[in-house]
Structure formats: C-alpha cells, structure tokens
Amino acid sequence: MNLDTLPLFERGIGRVKLALKSTLKRTPRPAPMCLTEQSVWRDDFLCQHGPTISDTRTLGELGYGQSPHANIAVDSITGAAVVHRLLTPEGVAVLQGICTRLEERAGDSDWIISRRTRGVTALSSFINDMMCSRSFLLAVSRVAGVPLVPYPMLNARSQINYFYPKPAEQQQQLGMWHTDGTNYVLNIVLSGASDYSGGEFLFHNGTVDSFDALDYRTFETAQLADPGDALFIYGSRLFHGVRPVLSGRRMSLVLSFHCPYFTDDSNRFWHLASDDGIPATIPNWLKLRWALQRSATRQFARIGIAPITFEELRHTKA
Ligand SMILES: O=C(O)CCC(=O)C(=O)O
Ligand SMILES: [Fe+2]
C-alpha cells in the first residue's frame, strides 16, 4: 500500500496564513435552518447491551506521560478505540438518511477535510437530541474514560464529511494528516467497508511529538467494517487522516465532546480561524472561553440532564 500520498495539514504559521485566506474567501452561507425530519431520536436507537470496543489504547499506551487533566491517570483516558454496535441498524439508517440530505449544505475547501457540512446539530434536531441524550453521552463517556458533554462551540461540535473520487486532474477528497482542535472525538463512519475502496482511516500509534508523516511503520488502519462503526480518539493528541477514496462513497459523522469537570481545552484560536475566518472566530472564541468556565453541574443542566459522574463510569451498566 502506498501510504505516502497523504499530505500533512499546515501547522504553526501556515495556520495563520490559512486563517487570512479563509477570511478573504468566505462566502456567506444561508442561515441555518433545521431539516424537516420524520425521525425523532429515541434512546432505543442505542444497542441495548452497549457498544463493543476493540483495539483500544489509553493515552499512556500511546506514550504520553502526562495527563491532560489533574488527578486523572493517563491510563484511564482513552487515546484510541474502535467502537462497534453503538447504534442499532435502524439508528444507523436514520443517520445515513439525514447525513445524505445534509450534503446540500456542504462546502468544498482545501482545509483538512475537503468536503463537509459543519455545525450539523443546528441543522438536525435528531443529531442534536442524540448528542444531548444522557444514555448516548453515558455510552460515549464510558468509551472515553471520563464524563462528557457536547463540545461547547457549535461549529466545532459536529460535522459530516463526504468523500468520493474526483477526476485525476482535480484535488482528491481526503483527510490530511492532522490533529483535531477538540479532545474527545467520535468519528462514526456511516458507510460500510463494501461501499467504497480506499478511504482508510489511518492513525499514528504514538505521541504527537513522535509523528513523522513519512514513517509509515507507526501507522495503523482502524478496522471499521460495518456502517456505524466508529473510531473514538483523543483527537488533539493523535495524528490521524483519511486516505483518498478510490471508488464508491464514504460518509462520516464526526462528533466532539468536552469533559465538563475540567476547564482545560486544546482548541487554539488559529485552528478555528483557519477554518472559519478571523471575524467569525473572535465572538465564537470569547463564548467558548466563557462556556469552559461553567461548573459541570451547569453544563449538564443546560442540556437538561442529570450529571454523569466518574463513579457511574466504573459500573458497566447504568
Ligand atoms: O471522516 C473521518 O472518518 C474522520 C475525519 C477527521 O479526522 C475529521 O473530521 O477531523
Ligand atoms: Fe480529525
């Protein structure tokens, strides 16, 4: 397999240049408007016996010595894990329908992922309700090792990625090597492995400092076979990318979360600004700083659920 075709996304000053480019290029988008949806989220779209996890490794196992959170061991926070059967086939089918329809809102860019729709919780009440469901959050929190709420910033909270082959002379749709701005990220691949070829989800089995885009010996391919299979990652500390799709179509729903018991967050102004442009990022950034200061109790209350506690994560059943 030729692995050296995946470019590395800009870092450092390159991000500042991209932020300026995004600012100048930005075309006004239509105001968000919810889809008319037939389906309403129900907790029985979650598999009754909880998801099955494979290929899991903690931040400690990835090689990190220091935990992002005070008093939480690096070995109790998940660095990467493959999640099977989180949602029932019916739940996956509903998501496929919604995400397919939301492609009309997608924009193309030369950002990390070339074709995607962002901020989808504002466009789909189903996805919004799923993300705010206590049962859904509890299942994802158990995978992560820490209690989670939806990421406070709307744009960075959810996106749908679309990949299909482009004519050879055009830029292929792919996910460049990158780390995410957010920490807790669930990448749900809604297409089955038989729907496309190429499009492998690669990640570097090590720390950010040990990443070398040309050293494929440390790269692994996440085994995502069935529609709805997901890779959970500590996104800001794991290099990952998606290889170009060679045939068929690949669609994924990427959800970001935050641990409300800590105020720390990895997102950087320039990461967001390289995506949204500088003027839109300034108010969003201020709101994010403000939201991160809220107590965990308030963050759970704002989404209308009782707090998920560390204690609860130790028991496998709710
Ligand atoms: O589409 C995927 O499977 C993951 C893409 C990704 O890494 C991202 O959207 O940040
Ligand atoms: Fe990513």
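This is a predicted model: local features need pLDDT of at least 70, side-chain atom pairs count only at pLDDT 80 or more; totals for chains, interfaces and linings use all residues.
1. Next, have a look at Thr 58, which lies in strand 1, residues 52-58. Is Thr 58 buried or exposed? Its relative accessible area is 13%, and because buried means under 20%, Thr 58 counts as buried.

2. The surroundings of Thr 58 are worth a visit too. Its side chain makes a polar contact with the side chain of Asp 75, at 2.5 Å. Leaving aside residues up to four places away in sequence, Thr 58 touches Asp 75 along with Val 74, Ile 77, Thr 78 and Gly 79.

3. Now turn to a pair of helices. Two packed helices are described by the angle between their axes and the distance between the axes. Here, the axes of helix 3 (residues 89-101) and helix 4 (residues 125-132) come within 10 Å and cross at roughly 130°. Helix 3 and helix 4 are therefore oblique to each other.

4. Finally, which residues meet between these helices? From helix 3 come Val 94, Leu 95, Ile 98 and Cys 99, and from helix 4 come Phe 126, Ile 127 and Met 130. By class, this contact of helix 3 with helix 4 has seven nonpolar residues, with no polar and no charged ones.

Conventions:
Residues are numbered from 1 along each chain as its sequence is written. Chains are lettered from A and ligands numbered from 1 in the order in which they are written. Side-chain values use heavy atoms; hydrogens and water are left out. Helices (H or I, at least four residues) and strands (E, at least two) are DSSP runs, numbered from the N terminus. Buried means under 20% relative accessible area, exposed over 50%, partly exposed in between (1.4 Å probe, protein chains only). A polar contact is a pair of N or O atoms within 3.5 Å; within protein, one must be able to donate a hydrogen and the other to accept it, and residues adjacent in sequence count only if both atoms are side-chain atoms. Contact means heavy atoms within 4.5 Å. Axes are lines fitted to C-alpha atoms, for helices over the stretch in contact, and angles run from 0 to 180 degrees between N-to-C directions. Angles under 35 degrees count as roughly parallel, over 145 as roughly antiparallel, 65 to 115 as roughly perpendicular and the rest as oblique. Ala, Val, Leu, Ile, Met, Phe, Trp, Tyr, Cys and Pro count as nonpolar, Asp, Glu, Lys and Arg as charged, and the others, Gly among them, as polar.
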